[in-house]
Amino acid sequence: MQQLLSPGLYCPFPSQINKHVDVLEEHALEWVLRFNLLANESTYKRFCKSKFFLLAASVYPYSNLEQLKIAHDWLSWLFIWDDQCDLSELKTKPEFLKAIHKRFLEILNGAEVTSHDIPLSRALSNLRERMLEKVSVKWLNYFLCGFENYLHGCFEEANNRVDGIVPDTDTYIAMRRLSAGADVALPLIELCDQLIIPDYLRRQDIFKQLNEIANNLLGWSNDIFSLSRELATGHIHNLVFVLHYQHKIPLEEAIKRATAMHDQEIQKLISLEAHIPSFGEEIDADFAKYILGIHAWVRGNLDWYSFTDRYKTVEMLELAKY
């Protein structure tokens with residue numbers, strides 16, 4: 001299967017790296033260990049070889065150090081939880097997931113941590129505290145809407161696994177926009193680059209379309225690069241597998257179709273950017289920086305696949321004690 005993965009995805013945006021990358025590497029392991037997020041030796045090794053610090057430094061190249069640390073810790077948290085949802089017994093326990101998700105949201109909305117809370121909840125409390133030193137409660141609430149979307153995507157995937165459902169392509173694409181985590185990753189551009197995107201702009205169709213395209217690009221590229229691991233673990237929520245299953249085509253052909261979809265989406269992004277109207281000098285300046293942040297995410301995400309060993313081996317996880 002490894003021989004199938006040579007997608008050569010198109011991306012015209014330049015590679016960049018944050019100047020604080022070396023300091024971030026030192027911080028990365030300290031934070032997850034402080035909150036006991038790596039339950040055993042296998043998860044520790046998995047985290048180290050994933051190199052999420054290189055991902056964060058690549059996708060938020062303009063950030064100062066403290067904001068970059070917050071973004072990195074969010075990405076680490078998401079990937080650690082994502083692994084639990086995909087590779088442990090939780091993957092077929094949607095109602096159990098729902099209860100855990102409810103507590104996650106309570107913590108992020110200000111509930112006090114108790115002795116009964118799991119390490120991931122304690123880590124979320126820390127993230128909330130640090131974010132509120134940098135952003136308003138209003139912005140945090142906007143951010144949490146994206147986080148709730150992600151949790152809902154995890155829940156829906158678990159439901160599908162229980163019911164043995166392989167979604168059709170359109171249904172899968174809509175679901176993938178939730179589970180990809182881009183609704184968390186993209187708003188962090190605002191935190192890292194210290195931007196102010198007004199509600200007026202968020203309501204504009206062109207802002208929503210740019211985010212949807214970026215979301216597609218991040219989810220689909222991940223599906224292509226993670227295909228080997230996901231096939232080995234019986235993971236059906238993958239664009240390549242859905243195309244293979246729905247159209248009854250060989251995996252090689254499904255990879256080509258997924259790659260073509262990704263590259264068409266890049267062209268769609270570029271075309272849309274060429275038709276952005278003016279919203280006033282101040283808004284335009286922040287919007288332009290946000291778009292550069294999208295470019296950095298698309299490019300940096302692809303670069304990270306050449307750095308990380310995350311998708312090169314298959315490891316089933318034991319269910320953490322919840």
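Asn 40 is partly exposed, because its relative accessible area is 29% and the class runs between buried, under 20%, and exposed, over 50% (1.4 Å probe, protein chains only). The residue is found in the loop between α1 (21–34) and α2 (41–50), where helices are DSSP runs of H or I with at least four residues, numbered from the N terminus. Its side chain makes a polar contact with the side chain of Ser 42 at 2.7 Å; such a contact is a pair of N or O atoms within 3.5 Å, in which, within protein, one must be able to donate a hydrogen and the other to accept it, and residues adjacent in sequence count only if both atoms are side-chain atoms.

The model is predicted, so local features need pLDDT of at least 70 and side-chain atom pairs count only at pLDDT 80 or more, while totals for chains, interfaces and linings use all residues. Residues are numbered from 1 along each chain as its sequence is written, and side-chain values use heavy atoms, with hydrogens and water left out.

Rings of Phe, Tyr and Trp (its six-membered ring) pair if their centres lie within 6.5 Å, and planes under 30 degrees apart count as stacked, over 60 as edge-to-face and the rest as tilted.

| Pair | Centre to centre | Angle between planes | Class |
|---|---|---|---|
| Phe 52 and Phe 79 | 4.6 Å | 10 degrees | stacked |
| Trp 304 and Tyr 311 | 6.1 Å | 85 degrees | edge-to-face |

Phe 52 is buried at a relative accessible area of 3%, as is Phe 79 at 16%. Trp 304 counts as buried at 0%, and Tyr 311 is buried at 7%.

Turning to helix α4, 22 of its 23 residues are buried. The largest nonpolar core holds 104 residues, and Trp 74, Trp 77 and Trp 81 are among those that touch the most other members; a core here is a set of buried Ala, Val, Leu, Ile, Met, Phe, Trp, Tyr and Cys residues joined through side-chain atoms within 4.5 Å. The largest share of this core, 11 residues, comes from α4.

Conventions. Helix = DSSP H or I, 4+ residues; strand = E, 2+ residues; numbered from the N terminus.
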